[in-house]
Every structure is written in structure tokens, then in C-alpha cells.
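Me: I'm new to this one. Could you show me how to read a few features as we go?

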Amino acid sequence: MHTLLTEITEAEAQADEIRAQAQKEAREIIKAVEEANLAMERQAQRDMHDLAAKQVEDAKAATMDEIKALELRRSSEREALKRTAQAKVSQAGAALFERVVSHGNR
């Protein structure tokens, strides 16, 4: 025969079991959330690292393009100076020839 006291004791035991199960499930949920947060944090760090590496590569490529453009411009400038110098050498040679020819062999 179940007495009221037995029913209360059983209800309390059942409540303790439900509470223990709820605490266990809450701990599992918290653990899963913490693991998910950690995974998201790690992914965010990888993403930031990848983005920074891409930005460095982009900056490096842009710098190399600028260097190539500068080298081309400098090369063109050197060629222009070379042509000017060669023209002046020819002019100087012609002027020397004219001088020698016009003044003779004195």
C-alpha cells in the first residue's frame, strides 16, 4: 500500500532524476556551444590570416607592377639620353671636321 509519504518520496526521487537529467543536458548544451564558439573563433582567425596574406600578395603584385613601369620609363629615358648623346657626338665630330677643313693644316 502506497502511503502519502511514499508517494511524496517517490515524487521527490523522480524530481531529483529529472533535475539531474536537466543539469546533464544543460552541461552538454553548454559544452556544445563552447565547442562551436571555439570552432568559429578558429575559422575567423584562419579567415583573417588568409585575408591578410591575400592583401600582402596584392600589395606585392602592385609594387612589382610599379617597379616594372618605373623600369620601363627609366629605360626609355636612358635610350633618349643615349640618342641625344650620340647625336651630339656626331655633331661634335662634324664640327671638328669642319674646323680642321676650314683652318687647314696650320
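Me: Let's take Glu77: is Glu77 buried, exposed or partly exposed?
Reply: This is a predicted model, so treat each value as computed from the prediction. Buried means under 20% relative accessible area and exposed means over 50%. Glu77 has 36%, so Glu77 counts as partly exposed.

Me: Where does Glu77 sit in the chain?
Reply: Glu77 belongs to helix α1, which covers residues 4–103.

Me: Which side chain meets that of Glu77 in a salt bridge?
Reply: The general idea goes like this: side chains of opposite charge can pair when their charged atoms come close. Here, Arg73 pairs with Glu77 at 3.6 Å, N to O. Glu77 also forms a salt bridge with Arg74, again with 3.6 Å between the closest N and O atoms. Together, Arg73, Arg74 and Glu77 are linked in a network of salt bridges.

Me: How many residues apart in helix α1 are Glu77 and Arg73?
Reply: They are four residues apart, which means about one helical turn separates Glu77 and Arg73. For Glu77 and Arg74, three residues apart, the separation is also about one helical turn.

Terms used. Residues are numbered from 1 along each chain as its sequence is written. This is a predicted model: local features need pLDDT of at least 70, side-chain atom pairs count only at pLDDT 80 or more; totals for chains, interfaces and linings use all residues. Side-chain values use heavy atoms; hydrogens and water are left out. Helices (H or I, at least four residues) and strands (E, at least two) are DSSP runs, numbered from the N terminus. Buried means under 20% relative accessible area, exposed over 50%, partly exposed in between (1.4 Å probe, protein chains only). A salt bridge is a side-chain nitrogen of Lys or Arg within 4 Å of a carboxyl oxygen of Asp or Glu.
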